[in-house]
Amino acid sequence: MTTLPRTQASIDAASRQRNATIRNTLLTLLTYLLAFIFFFPILWMFLAAFKTEQQAFQTPPVFFFTPILDNFSTALLRYGPALKNSLVAALGSTVLAFVLGLPAAFALAVYPTARAKAVLNWMLSTKFMPAVGVIVPLFLLFKNLHLLDTLPGLIIMYTTMNLPLVVWMMHSYMTEIPFAIYEAAKVDGASVGTEFFGIALPLALPGVSATALLAIIFAWNEVFFALNLTSSDAAPLSVFIGSFKTSEGLFWAQLSAAAVLTVFPVMLFGWIAQRQLVRGLSFGAVK
Amino acid sequence: MTAVPITASAPKPKGGFKLTPAALIWPALLYLIMTTQVPFFMTIYYSFFRYNLVDPVNRPFVGFANYAGLLTDPDNLRVLGNSAVLTVGTLVLTLLLGGGLAMLLHRNFVGRAFLRTILMSSFLVMPVVTAVIWKNMLLNPVFGFLSWLVTSLGGTPIDFLANHAMGSIVAMVTWEWTPFAMLILLTGLQSLPDDQIEAARLDGASPLQEFRYVVLPHWMQALEVVVLLETINVLQVYGEIYGSTSGGPGVATTNLPYFIYQKAFAEYNIGVASAAGVITVVLTNILAIYLLRMMSKNVSSGGH
């Protein structure tokens with residue numbers, strides 16, 4: 001290589017550089033194209049929400065049209081109760097998961113015993129329990145306890161779903177707090193309660209908000225318990241959208257408006273919490 | 001020394017109420033035991049009875065008859081096969097697509113953060129919404145967008161959900177889970193120090209060698225996380241099937257969760273549904289343990 005004349009080498013380098021630039025541009029274009037294809041179903045749904053029913057149906061598809069808002073006002077009439085149920089179930093279960101999970105995460109992080117690791121792993125393993133492994137007795141229990149089709153019933157199961165996540169995430173955030181801070185507090189005679197409310201909780205607050213966003217997203221999008229434990233009074237958005245499955249091909253614009261109202265609140269949350277999403281989805285294994 | 005009271009290291013009892021660390025863990029533990037372990041043991045119990053809610057009084061103990069029935073009926077074996085096809089198919093496709101997208105996003109270009117945001121969106125869509133939107137607006141043989149696309153490219157319209165039902169479900173689930181693979185694999189790539197790549201290039205490594213010997217070993221942990229969590233989650237796919245094919249045509253797209261839903265809530269057959277639930281839990285846990293083992297072995301041997 002070094003025996004090549006200098007001029008030849010620089011020409012080579014220049015053409016290599018040019019090839020790399022071309023290749024890079026093509027790869028960037030490919031990325032844009034793939035992103036468009038992946039986003040298309042969402043975009044198509046979004047557009048249909050602003051069309052008339054006739055336009056939504058039309059073949060060839062309509063790309064340019066005068067947007068209307070009628071579908072949203074129609075969808076909102078039925079959307080209201082389901083939205084309220086989804087909000088209460090998602091927020092209620094997130095709060096309960098934190099009330100139960102934060103103290104546990106704190107104790108496991110600041111007072112780790114020999115069994116702490118085993119306890120954490122066991123909690124994670126409950127996520128490997130498929131919902132179908134518990135649904136039959138739960139259904140019968142809920143029926144006897146009059147919890148079927150009620151929001152407390154839904155909150156109970158969503159808390160189960162999110163509790164391991166909260167414990168794992170908050171444990172990981174609380175172990176990042178320098179241990180010296182706790183030591184200093186202990187020397188000053190701080191109680192466990194003071195350590196929790198005075199040190200751990202305020203310092204792990206960014207972790208609390210990130211984890212809460214995740215828990216809300218998961219509870220909001222949950223389908224299995226919602227469909228099998230509620231029917232009307234407590235039916236959240238997943239059941240509401242599911243009710244459109246029989247109206248095959250009839251009200252695409254209305255369906256799209258309802259779907260947009262269902263999807264976009266959590267999509268916004270997800271976009272905001274991108275970084276934490278990766279950490280939460282992998283239970284802290286990938287940061 | 002002994003005369004000096006050393007109470008600072010131990011939590012001081014305050015006014016009769018003592019908050020111990022163990023007392024902080026038990027509520028969460030008890031809650032999870034009550035809502036996962038207790039119902040699971042009840043599922044095991046029910047699985048040994050012939051128990052139908054239509055006739056709840058007549059409930060004879062039948063031993064392993066429910067299991068035997070499940071594991072010998074060819075239709076039920078197809079349900080197991082469907083679960084396997086759906087899981088393996090989705091896993092392979094999401095790893096290829098998600099890995100490719102992660103590598104594409106792991107470059108410097110204008111709009112990178114924006115594209116990452118756009119590309120992760122499908123993961124945030126509720127499964128039932130995915131199902132009804134795909135079923136009606138994309139896959140409908142007459143009015144669907146894909147049918148129009150196929151026709152305008154000179155093909156004949158395809159009734160995807162009737163003729164390629166499992167393929168359609170795999171496509172939907174892949175659409176939802178590709179961002180998951182992409183995000184985790186991208187984060188894995190980004191933690192690879194640039195100087196390792198530089199060093200490999202200076203040593204004259206080809207792009208393929210660079211991938212095989214530098215990128216891949218570093219990527220292992222992220223790949224393992226994707227394989228494990230996706231396997232467990234895709235085995236539980238329910239909303240996508242509920243909202244589109246309802247398990248059909250026939251049993252073509254009935255997977256384990258959908259089968260159990262049908263047995264329990266359409267036929268009220270608590271015994272058989274419970275037995276199928278137990279089989280699902282056992283299968284999932286065998287897979288999870290096997291995958292975790294495989295991974296911890298790779299982590300310890302992949303150090304160099």
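Let's start with helix 12 of chain B, residues 256-265, which is mostly covered: 8 of its 10 residues are buried. The buried ones are L256(B), P257(B), Y258(B), F259(B), I260(B), Y261(B), K263(B) and A264(B). Keep in mind as you look around that this is a predicted model.

Next, let's see how chain B meets its partner. The contact takes 80 residues from chain A and 79 residues from chain B. Which helix gives the most to the side of chain A that touches chain B? That is helix 1 of chain A, residues 6-48, with 15 residues. Sorted by class, the side of chain A that touches chain B has 57 nonpolar, 20 polar and 3 charged residues.

Now stay with chain A and look at how it is divided. The domain assignment gives domain 1 as 6-48 and domain 2 as 71-281. Taken over C-alpha atoms, the centres of domain 1 of chain A and domain 2 of chain A are separated by 39 Å.

We can now turn to helices that pack against each other. Two packed helices are described by the angle between their axes and the distance between the axes. Where helix 3 of chain B meets helix 8 of chain B, the contact residues divide into 18 nonpolar, 8 polar and no charged.

The axes of helix 9 (residues 205-221) of chain A and helix 12 of chain A come within 10 Å and cross at roughly 150°. How are helix 9 of chain A and helix 12 of chain A oriented to each other? An angle over 145 degrees counts as roughly antiparallel, and therefore that is the word for helix 9 of chain A and helix 12 of chain A. Their crossing is left-handed. On the helix 9 side of chain A, the contact is made by L213(A), I216(A), I217(A), W220(A) and N221(A), while helix 12 of chain A brings V266(A), F269(A), G270(A) and I272(A). By class, this contact of helix 9 of chain A with helix 12 of chain A has 7 nonpolar, 2 polar and no charged residues.

You will find T94(A) in helix 3 of chain A, residues 70-110. Is T94(A) buried or exposed? T94(A) counts as buried because it has 25 C-beta neighbours inside 10 Å. Leaving aside residues up to four places away in sequence, T94(A) touches N162(A), A212(A), A215(A), I216(A) and A219(A). T21(A) is 73 residues from T94(A) along the chain, and their C-alpha atoms are separated by 48 Å.

Our last stop is F244(A), in the loop between helix 11 (237-242) and helix 12 (252-272) of chain A. With 25 C-beta neighbours inside 10 Å, F244(A) counts as buried. Again not counting residues up to four places away in sequence, F244(A) touches L255(A) and A258(A), and also V132(B) from chain B. From F244(A) to A259(A) there are 15 residues in sequence and 10.0 Å in space, C-alpha to C-alpha.

Definitions and conventions
Residues are numbered from 1 along each chain as its sequence is written. Chains are lettered from A and ligands numbered from 1 in the order in which they are written. This is a predicted model: local features need pLDDT of at least 70, side-chain atom pairs count only at pLDDT 80 or more; totals for chains, interfaces and linings use all residues. Helices (H or I, at least four residues) and strands (E, at least two) are DSSP runs, numbered from the N terminus. A residue is buried if 20 or more other C-beta atoms lie within 10 Å of its own, exposed if 12 or fewer, and partly exposed in between; C-beta atoms are placed from the backbone. Two residues are in contact if their C-beta atoms, placed from the backbone, lie within 7 Å. Ala, Val, Leu, Ile, Met, Phe, Trp, Tyr, Cys and Pro count as nonpolar, Asp, Glu, Lys and Arg as charged, and the others, Gly among them, as polar. Axes are lines fitted to C-alpha atoms, for helices over the stretch in contact, and angles run from 0 to 180 degrees between N-to-C directions. Angles under 35 degrees count as roughly parallel, over 145 as roughly antiparallel, 65 to 115 as roughly perpendicular and the rest as oblique. A crossing is left-handed if the near helix is turned anticlockwise from the far one by less than a right angle, and right-handed if clockwise. Domain bounds come from an automatic or database domain assignment.
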